[in-house]
Amino acid sequence: MVCCYAVRDGDSAYLIDTGFVGGLNVIEKALEQEGWCELTLKGILLTHGHLDHTLNAEAIASRHDAWVMAPGADRSLLEGDFSGEGLGRVGGVMQQAGAALLNYRKPDEIIWYQKETRFDFPAGIEIVPLPGHTAGHSGFLLGRHLFCGDAFASFADFPHLPPQIFNNDTEQAKVSLGVIAGMDIDGVFPHHCDKASPEVHLERLRRMAASIK
Ligand SMILES: [Zn+2]
């Protein structure tokens, strides 16, 4: 239902988002299968503050003694307050209920990033602000690929924008989609998607962006 990614830099690994229910075991298993469990999991980068990306951040961070970075503009979401404004309000109520049900715990310590924050880890990764889905929603550019968070959901039969009820500002989300479509990159890694290649995901995104102009 939700994808997250691991990036390797030498003998360190970093997670981009942390998945949803059951994600904890799936992530640990995937790292093991790749032979990456010997690496030090140093950090967790969060694209935005929605529960299906952040639910396991606290558990993984404390298990691996990893830091957590999240967008400063999504601070209230990360702190467990999902009562959104406007279009996001219904989705906010749903997430609030989910957080209580699933016992969401905020990571002990969060390093808040802003659009101008520069990381030197993993080597060369850059923040690309993609607001709209949430105020702080961001992608991470690594080489010629972009981890694009929830800019869109990429399924062969039905690539789509996130449902309006989960967006802070759908018009802004469309603008952000256009920003990605115009980037000189080779592929994207979405967080709700099938197993197509990053190149195919990017093709779908560009087709979508062209159709909603
Ligand atoms: Zn989301």
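**Zinc site and pockets in a predicted model**

Visitor: What spacing do the donors of the zinc ion follow along the chain?
Guide: The donors follow H-x1-H-x82-H-x16-D along the chain, where a donor is an N, O or S atom within 2.8 Å of the metal (3.2 Å for Na, K and Ca), and sites may look incomplete because water is not among the atoms. This is a predicted model, in which local features need pLDDT of at least 70 and side-chain atom pairs count only at pLDDT 80 or more, while totals for chains, interfaces and linings use all residues. Residues are numbered from 1 along each chain as its sequence is written, and side-chain values use heavy atoms, with hydrogens and water left out.

Visitor: Which residues coordinate the zinc ion, and through which atoms?
Guide: His-48 (NE2), His-50 (ND1), His-133 (NE2) and Asp-150 (OD) coordinate the zinc ion, at 2.1 to 2.3 Å.

Visitor: And why is the arrangement irregular?
Guide: The four donor atoms subtend angles of 87 to 172 degrees around the zinc ion, which makes the arrangement irregular; four donors are tetrahedral if all angles lie between 85 and 135 degrees, four are square planar and six octahedral if opposite donors are over 155 degrees apart and all others between 65 and 115, and anything else is irregular.

Visitor: Are His-48 and Asp-150 buried or exposed?
Guide: Both His-48 and Asp-150 are buried, meaning under 20% relative accessible area, whereas exposed is over 50% and partly exposed in between (1.4 Å probe, protein chains only).

Visitor: Changing topic, how much space lies in the largest pocket?
Guide: About 530 Å³ lies in the largest pocket, a pocket being an open set of points on a 1 Å grid over the protein atoms alone, with protein on both sides within 12 Å along at least five of seven lines, and lining residues having an atom within 4 Å of a point. A volume is the space filled by probe spheres set on the points, which are joined across faces, edges and corners.

Visitor: What lines the largest pocket?
Guide: There are 18 lining residues, with Cys-4, Tyr-5, Val-26, Ile-27 and Ala-30 closest to the centre of the largest pocket, and α1 gives the largest share, five residues; helices (H or I, at least four residues) and strands (E, at least two) are DSSP runs, numbered from the N terminus.

Visitor: What about the second largest pocket, which residues lie nearest its centre?
Guide: Met-1, Asp-52, Gln-95, Phe-166 and His-192 lie nearest its centre, among 18 lining residues, and the second largest pocket holds about 370 Å³ of space. The most, three residues, comes from α5.

Note on methods. 1 Å grid on protein atoms, 1.4 Å probe; cavity = no way out; pocket = protein on both sides within 12 Å on 5 of 7 lines; lining within 4 Å.
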